[in-house]
Amino acid sequence: MICRRISSRLTPLLHTSPLRNSLLLPSRCNSTYNTLSTHQQAYLTRIKTDYEAAKMVTEMKQSAVSERYLHRFGPLYEAFKEYQTALDNIEECLTLVNEEGMREVVEEEVGELAELVTASKAAIEDQIGMALAPSGDSIFLEILMAVGGTESAVFAQEMLQLYQSVAGYHGYQWKLLEEDTRGGVGLAKAVVQITGDNAMGTFHFEAGVHRVQRVPFNDTRIHTSTIVVTVIEKPPDMAIEINPADLEISFTTSTGPGGQYVNRRQTRCQLHHIPSGTRISCQEEREALQNKTRAIEILSDILLRQMISDKEGRMRDSRKSQALQGDRSDKIRTYNFKSNRVVDHRYGEGVTGVVEYLRNPEEFTKLRERVASKWQLEKLAAMAEDIATGSRKKT
């Protein structure tokens, strides 16, 4: 009787996740309860071992790599410890079920521990998602028009605006490094640097070919166009030294808003980096010296991105693996205005409302989380298989 009462209390508490495996409780209860999956257990066991090793290294000597590892996986490690402790305590409590006068105490204690298991499990799954996702607080994101001419350029402009709103939604810093507006009709190319907590995790799944299907304003037929998005991480503690002798700098009057102060004074900085041929014009600030400083900062970021691409071939390789050739048939996501759906083809996830998606960061986040969830399952399975293969080789 008492085991059935415990079972009725445990089952709804532990039966909450699609990622689960059965924990066999003592045979007298003749019941099973859902816990972490085998893949999760394998991954967490590896994390626990690596975390404790990194902790020992940090205690013996300063290590930036180990400290970053501890910072990244600390919450996951603690949640897993709490989870394991709660399960151990449940097992211990259940050994007392048949002790005289202990049944009610055991039932109450196990119920409380089951709630702790559920909470720990939820925390673990959240932390696994963050731990598995590509991490990095500073990224370069590039948008290129591909197939479709003007319609592709217009869509590229819309996606740039979407990404800027998503960056603002998360409180990220947004820095536009390069922009080719095709004479004011859409966008041929844009490169931005996005900086903030886990920026890479937020935009990682955007890399690839995006396809839009809709009727342009000057036609009656549905057109299919594409753009290519590339995302690469800016390595931490990596900077570019610029030789002042390589720069040609001039100042002119600014244009646009700002009043007579900027329109009549030479505050706009025009910078030419001779070795790379890069030209930058900056009039964001009211003072000439401030615009010069800003222009050099932009140049530094552009040269850093080029260095990453040239030295490691990362941008070139990313375009091949993330975007293929930008053909209409090569796509990770489709924005179909007729069916009013945004569909991610990698995992079959989608949301209704194309315009709403392009304008609302919350809709963007909703789809990203669905894609990330399935990606994590796939990643966990692959990692668990690698761990199992490694274990078999050792034996």
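1. Helix α2 first: in this predicted model, α2 covers residues 38-60, which makes 23 residues. From first C-alpha to last, α2 reaches 34 Å, close to the 33 Å expected at 1.5 Å a residue. Its buried residues are Gln40, Tyr43, Leu44, Ile47, Tyr51 and Ala54.

2. Now the charges. The count of salt bridges comes to 12. One of them pairs glutamate 206 with arginine 333, at 2.9 Å from N to O. That pair links distant parts of the chain, 127 residues apart: glutamate 206 sits in the loop between α6 (199-203) and β6 (208-214), while arginine 333 belongs to strand β11 (residues 333-336). Both glutamate 206 and arginine 333 are buried.

3. Arginine 333 also forms a salt bridge with aspartate 344, with the closest N and O atoms 3.2 Å apart. Aspartate 344 is in strand β12 (residues 341-344), so this contact ties β11 to a part 11 residues away in sequence. Have a look at the accessibilities too: 2% for arginine 333 and 0% for aspartate 344, and buried means under 20%.

4. Lysine 366 is partly exposed at 34%, whereas glutamate 363 counts as buried at 14%. Elsewhere, salt bridges with shared partners join Glu206, Arg333, Asp344 and Arg346 into one network.

5. Last, the surface: Glu104, Glu108, Glu109, Glu112 and Glu115 gather in a patch of negative charge. Glutamate 115 is found in helix α4 (residues 103-132) and is partly exposed, at 44% relative accessible area.

Terms used: Residues numbered from 1 in each chain as written. Predicted model: local features only at pLDDT ≥ 70, side-chain atom pairs only at ≥ 80, totals over all residues. Heavy atoms only, no water. Patch = residues over 30% accessible without salt bridge, like charges linked within 9 Å, V, L, I, M, F, W, Y side chains within 5 Å. Areas by Shrake-Rupley, 256 points an atom, 1.4 Å probe, with all protein chains shown as cover. Salt bridge = Lys/Arg side-chain N within 4 Å of Asp/Glu carboxyl O. Lys, Arg positive; Asp, Glu negative; His and termini not counted. Charge placed at Lys NZ, Arg CZ, Asp CG, Glu CD. Helix = DSSP H or I, 4+ residues; strand = E, 2+ residues; numbered from the N terminus. Buried < 20%, exposed > 50% of the residue type's maximum accessible area, 1.4 Å probe, protein only. Expected span 1.5 Å × (residues − 1).
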